[in-house]
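This report describes one protein chain, from its overall fold down to single residues. The sequence and the structure are shown first.

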Amino acid sequence: GFAERGAHTLMAPTWLRSQTLSLLHEAVTEGRLAPVTARERLERIGSLPIRLLGDSRLRRTAWKVADELGWTGTYEAEYVALTKLHGDALITGDPTFARAVQGVIEVAPVETLL
């Protein structure tokens with residue numbers, strides 16, 4: 001089943017778990033995070049009931065979003081595209097990202113999930 005939070009489903013691009021793995025490994029190898037903490041976070045994130053999407057419509061929309069926002073990459077654009085196509089709001093703890101998409105999509109703080 002999908003992750004129901006009240007009346008909402010949590011969604012992310014298909015590569016979310018791989019990106020999470022990479023970022024946590026990076027933090028451990030750079031000494032910013034203890035290995036045991038990283039593994040706990042990886043397990044916690046892996047157990048979240050998140051609907052992962054990555055169809056061709058999402059990819060086309062992400063490409064367009066990246067063009068419109070002047071971004072060279074499309075990773076963040078996939079989150080914006082996902083929100084535009086399927087979501088009510090983008091949940092992020094990154095204030096820079098939130099400012100970058102202000103006026104494009106609705107943004108909500110991470111605390112919304114608590």
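## Overall fold

The protein chain holds 5 helices and 6 strands. The radius of gyration is 15 Å, close to the 13 Å that the globule rule gives for 114 residues, so the chain is as compact as a globular protein of that length. The model is a predicted one. In sequence order, the elements follow the pattern β-β-β-α-α-β-α-α-β-α-β.

The C-alpha trace spans about 40 × 35 × 25 Å along its principal axes. Of the contacts between residues at least 6 apart in sequence, 47% join residues at least 24 apart.

## Surface, burial and charge

Of the 114 residues in the protein chain, 27% are buried. The accessible surface amounts to about 7,600 Å², and carbon and sulfur atoms account for 53% of that area.

The chain carries 13 positive and 14 negative side chains. The centres of these two sets lie 3 Å apart.

## Helix α4 and its packing

Helix α4 covers residues 75-86, which is 12 residues. From its first C-alpha to its last, helix α4 reaches 17 Å, close to the 16 Å expected at 1.5 Å a residue.

Which residues of α4 are buried? They are Ala-77, Glu-78, Tyr-79, Val-80, Ala-81, Leu-82 and Thr-83. Their packing partners include the strands β3 (11-13), β4 (51-53) and β5 (90-92). The buried residues of α4 also pack against the helices α1 (16-29), α3 (56-69) and α5 (95-100).

## His-86

His-86 belongs to helix α4, the helix made up of residues 75-86. Is His-86 buried or partly exposed? His-86 counts as partly exposed because its relative accessibility is 35%, and the partly exposed class lies between under 20% for buried and over 50% for exposed.

With neighbours within four places in sequence left aside, His-86 is in contact with Met-11, Leu-53 and Arg-57. Leu-53 is 33 residues from His-86 in sequence, and the C-alpha atoms of the two are 10.0 Å apart in space.

## Two residues of helix α2

Helix α2 comprises residues 35-47, and Val-36 is placed in it. Val-36 has a relative accessible area of 47%, so it is partly exposed. Between Val-36 and Ser-22 there are 15 Å in space, C-alpha to C-alpha, for a separation of 14 residues in sequence.

Ser-47 also lies in helix α2. The relative accessibility of Ser-47 is 55%, and therefore Ser-47 counts as exposed. Ser-47 and Ala-81 are 34 residues apart in sequence, with 24 Å between their C-alpha atoms. Ala-81 is one of the buried residues of α4.

## The loop between α3 and α4

Where is Thr-72 placed? Thr-72 is in the loop between α3 and α4. Thr-72 is exposed because its relative accessible area is 88%, where the exposed class requires over 50%.

Thr-72 and Ser-22 are 50 residues apart along the chain, and 20 Å separate their C-alpha atoms.

Notes:
Residues are numbered from 1 along each chain as its sequence is written. This is a predicted model: local features need pLDDT of at least 70, side-chain atom pairs count only at pLDDT 80 or more; totals for chains, interfaces and linings use all residues. Side-chain values use heavy atoms; hydrogens and water are left out. Helices (H or I, at least four residues) and strands (E, at least two) are DSSP runs, numbered from the N terminus. The expected span of a helix is 1.5 Å times one less than its number of residues. Buried means under 20% relative accessible area, exposed over 50%, partly exposed in between (1.4 Å probe, protein chains only). Contact means heavy atoms within 4.5 Å. The radius of gyration is taken over C-alpha atoms; the globule rule is 2.2 Å times the number of residues to the power 0.38. Accessible areas come from the Shrake-Rupley method with a 1.4 Å probe; for residues, only the protein chains shown count as cover. Lys and Arg count as positive and Asp and Glu as negative; His and the chain ends are not counted. The place of a charge is taken as NZ of Lys, CZ of Arg, CG of Asp or CD of Glu.
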